[in-house]
Amino acid sequence: MTRETPSSPAPAPDVAAGPGLTRRRALCGLVVALAAPGVLAACSSDGGASAPAPPPGGTPVSSIPVGGGTVVQGPNGPVLLVQPTAGTVKAYSAVCPHQGVTVDPPVDGTITCPGHGSQFAAATGALEKGPAETGLTPVSTRVVNGAVQFA
Ligand code: FES
């Protein structure tokens, strides 16, 4: 006794493409990781290598959220530009004095380091909570034509 096959069988799933695609993606990820470690480093928050360069004329004050901030590349590393109140711009090194992780822009007046939770006052950069032992280092800036430039 033989079994009849259906006249129009459903297409078999492309088993070879599924696992092959997965392997390919995994290999591509591995290649990227091995060939371009800088790409991965750019994804991390320590060292600030991923901070974008400010526009040629400086960072527009209008692009810095009031009560918040933005991290840009400064002359000596990442710089956190904050605007604690409208029209008042402060700049600090975004490198946490504890172990060098790039701090986050402020929320509710407080800058927090994602590394180990140190906190700093957005208005002054002063240390509010450790493990860091000092505040953020101020960075000298000036506002020219509504844009923050490094002095
Ligand atoms: S690196 Fe910022 S708290 Fe540790």
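## Burial and overall make-up

A residue is called buried here if 20 or more other C-beta atoms lie within 10 Å of its own, exposed if 12 or fewer do, and partly exposed in between. By that criterion, 23% of the 151 residues of the chain count as buried. The model is a predicted one, and its secondary structure comes to 2 helices and 9 strands. Along the sequence these elements follow the pattern α-α-β-β-β-β-β-β-β-β-β. Among the contacts between residues at least 6 apart in sequence, 39% join residues that are at least 24 apart.

## Confidence

The mean pLDDT of the chain is 76, and 68% of its residues reach 70 or more. Over residues 1–48 the pLDDT stays under 50, and for this stretch the model has 19 contacts beyond four places in sequence.

Strands pair through backbone hydrogen bonds, in either a parallel or an antiparallel sense.

Strand E8 is joined to strand E9 (residues 147–150) by 4 bridges, and the two run antiparallel. Within this pair, Thr 141 stands opposite Phe 150 of E9, while Val 144 stands opposite Ala 147 of E9. E8 and E9 form a hairpin with 2 residues between them, and Asn 145 in the turn has a positive phi of about 50°.

## The sheet E5-E6-E7

A further open sheet of 3 strands has the order E5-E6-E7, and its pairing is antiparallel. Strand E5 (110–112) and strand E7 (127–129) are the edge strands, each pairing on one side only. Neighbouring strands of this sheet are turned against each other by 35° on average, direction ignored.

Strands E2 and E3 pair in the antiparallel sense over 6 bridges, and they form a hairpin with 2 residues between them. In this pair, Gln 73 stands opposite Pro 78 of E3.

In soluble globular proteins, nonpolar side chains tend to be buried together. The largest nonpolar core of this chain has 22 residues, of which Val 79, Leu 80, Leu 81, Ala 91 and Ala 94 touch the most other members. The elements that give two or more residues to this core are strand E2 (69–74), strand E3 (77–85) and strand E4 (88–93), and the largest share, 4 residues, comes from E3. Leaving aside neighbours within four places in sequence, Leu 81 is in contact with Thr 59, Ile 64, Gly 69, Thr 70, Val 72, Val 89, Ala 91 and Val 148.

How do the surroundings of Gln 119 look, and which residues does Gln 119 touch? Beyond four places in sequence, Gln 119 touches Thr 110, Ile 111, Thr 112, Glu 128 and Lys 129. Gln 119 has its place in strand E6, and because 18 other C-beta atoms lie within 10 Å, Gln 119 is classed as partly exposed. Gln 119 and Cys 96 are 23 residues apart in sequence, and their C-alpha atoms are 9.5 Å apart in space.

Leu 127 lies in strand E7 and is likewise partly exposed, since it has 17 other C-beta atoms within 10 Å. Not counting residues up to four places away in sequence, Leu 127 touches Phe 120, Ala 132, Thr 134 and Gly 135. Leu 127 and Pro 97 are 30 residues apart in sequence and 9.9 Å apart in space, C-alpha to C-alpha.

Methods:
Residues are numbered from 1 along each chain as its sequence is written. This is a predicted model: local features need pLDDT of at least 70, side-chain atom pairs count only at pLDDT 80 or more; totals for chains, interfaces and linings use all residues. pLDDT is the predictor's confidence in each residue, from 0 to 100. Two residues are in contact if their C-beta atoms, placed from the backbone, lie within 7 Å. Two strands pair if DSSP finds at least two bridges between them. Axes are lines fitted to C-alpha atoms, for helices over the stretch in contact, and angles run from 0 to 180 degrees between N-to-C directions. A nonpolar core is a set of buried Ala, Val, Leu, Ile, Met, Phe, Trp, Tyr and Cys residues joined through C-beta atoms within 7 Å.
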